[in-house]
Amino acid sequence: MSDSNRAIPEPVYVSETLLKKRKANEKGAAIKAKERLELRKTKKQLKKTQFKRADEFIRRHRLIEKQGKRLRVLAKGHRKGANQKGDGKLLFVIRMKTESSIHPRIRKILSQVGLLKMNTGVFVVCNDATVKDLQKIEPYVTYGSPSLKTVRDLIMKRGATRINGVRTPLSDNAMIEEALGEYGIICLEDIIHEILEHGEHFEAVSKFLTPFKLNDPVKGWRQKKLKEIMDRENEEEDAEDDINKLVETMN
């Protein structure tokens, strides 16, 4: 029989239902494969995260331990300058550093002073108690003796108080008189004078003022140590103290 006379087998047709089932199975298999891949990625990332968390926990614990050791050394008076006495000067203190973990005692002092946030500043009088507090929080702050120009510029430009819990700029002498009139302080000039001379109502005025919010310094931070500030003998040098230059770049 010739090839041309051979019977051609009838084609085998796959039912539409079976084709749909195959297609669904293939799609399901692809989805499961993708899910397995995502699960492996998630587990891998979780392991990395857990390691990072453990590492961060250890780092924070060591940091707090180090801070606690420093505080204990200060308390015993073993650190150089630990027994430094206040000289009664006016200081402007700026928060210049923060960390993920801060020793509770240091955080408490920062809160009491009003320096919970970066680039905030407050006026303080350098008495014996202030010296002890500054020594404890020294790694997180910088400070110096402000000039008349610095005090005036800060209060005029960034002076504010809290009214009903809302930070409000000192744009009206009426609010000053209402809060501080009993002390004979009725305007911005009176506040400037009281801060600069740190008179008998300095504490009341300080509580009335909110911490000054400043910008990031243009040329970055340079920390001034307490001993470096208090050991200056030349009054002209004090007038050119770094704190005044720093505030000028941040105000």
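This is a predicted model: local features need pLDDT of at least 70, side-chain atom pairs count only at pLDDT 80 or more; totals for chains, interfaces and linings use all residues.
Buried means under 20% relative accessible area, exposed means over 50%, and partly exposed lies in between, with a 1.4 Å probe and protein chains only. Helices (H or I, at least four residues) and strands (E, at least two) are DSSP runs numbered from the N terminus.

**Salt bridges**

- Three salt bridges turn up in a search of the whole structure, a salt bridge being a side-chain nitrogen of Lys or Arg within 4 Å of a carboxyl oxygen of Asp or Glu.
- Side chains of opposite charge can pair when their charged atoms come close.
- Glu203 pairs with Lys207, and their closest N and O atoms are 3.5 Å apart. Because Glu203 and Lys207 are four residues apart in helix H7 (residues 202–208), about one helical turn separates them. Lys207 is exposed, with a relative accessible area of 66%.
- Lys149 and Asp153 form a salt bridge with 2.8 Å between the closest N and O atoms. These two residues are four apart in helix H4, so about one helical turn lies between Lys149 and Asp153. Lys149 counts as exposed at 53% relative accessibility, while Asp153 is partly exposed with a relative accessible area of 29%.
- Glu189 forms a salt bridge with Arg152, with the closest N and O atoms 2.7 Å apart. This pair links distant parts of the chain, since Glu189 is in helix H6 (residues 188–197) and Arg152 is in helix H4, 37 residues apart. Glu189 counts as partly exposed at 38% relative accessibility, and Arg152 is partly exposed with a relative accessible area of 31%.

- An α-helix has 3.6 residues a turn, so residues three or four places apart point the same way.
- Helix H4 (residues 148–158) has Thr150, Val151, Leu154, Ile155 and Arg158 buried. Seen down the axis of H4, these buried residues fall within an arc of 120 degrees, so they line one face of the helix; the arc is that of the directions from the helix axis to the C-beta atoms. Lys149 and Lys157 are exposed on the other side of H4.
- Helix H2 has Ile106, Ile109 and Leu110 as its buried residues. They line one face of H2 because, seen down its axis, they fall within an arc of 100 degrees. The face of H2 turned away from that buried side carries exposed Pro104, Lys108 and Gln112.
- In helix H10 (residues 242–250), the residues Ile243, Asn244, Leu246, Val247 and Met250 are buried. They cover an arc of only 160 degrees around the axis, which puts them on the same side of H10.

**Around H2**

- Pro104 lies in helix H2 (residues 104–113) and counts as exposed at 56% relative accessibility.
- The C-alpha atoms of Pro104 and Ile64 are separated by 8.7 Å, though these residues are 40 apart along the chain.
- Just after H2, Gly114 takes a positive phi of about 100 degrees.

- Asn119 has phi near 60 degrees, a positive value in a residue other than glycine. Asn119 lies in the loop between H2 and strand S2 (120–125) and counts as buried at 8% relative accessibility.
- Asn164 is not a glycine either, yet has a positive phi of about 55 degrees. The loop between strand S4 (160–163) and strand S5 (166–169) holds Asn164, which counts as exposed at 79% relative accessibility.

**A positive surface patch**

- Lys69, Arg72, Lys76 and Arg105 form a positive surface patch. Patches are made of residues with over 30% relative accessible area and no salt bridge, with like charges joined within 9 Å and nonpolar side chains (Val, Leu, Ile, Met, Phe, Trp, Tyr) within 5 Å.
- Helix H1 (residues 16–76) gives the largest share of this patch, three residues.
- Lys76 is in helix H1 and is exposed, with a relative accessible area of 61%.

Key
Residues are numbered from 1 along each chain as its sequence is written. Side-chain values use heavy atoms; hydrogens and water are left out. Accessible areas come from the Shrake-Rupley method with a 1.4 Å probe; for residues, only the protein chains shown count as cover. Lys and Arg count as positive and Asp and Glu as negative; His and the chain ends are not counted. The place of a charge is taken as NZ of Lys, CZ of Arg, CG of Asp or CD of Glu.
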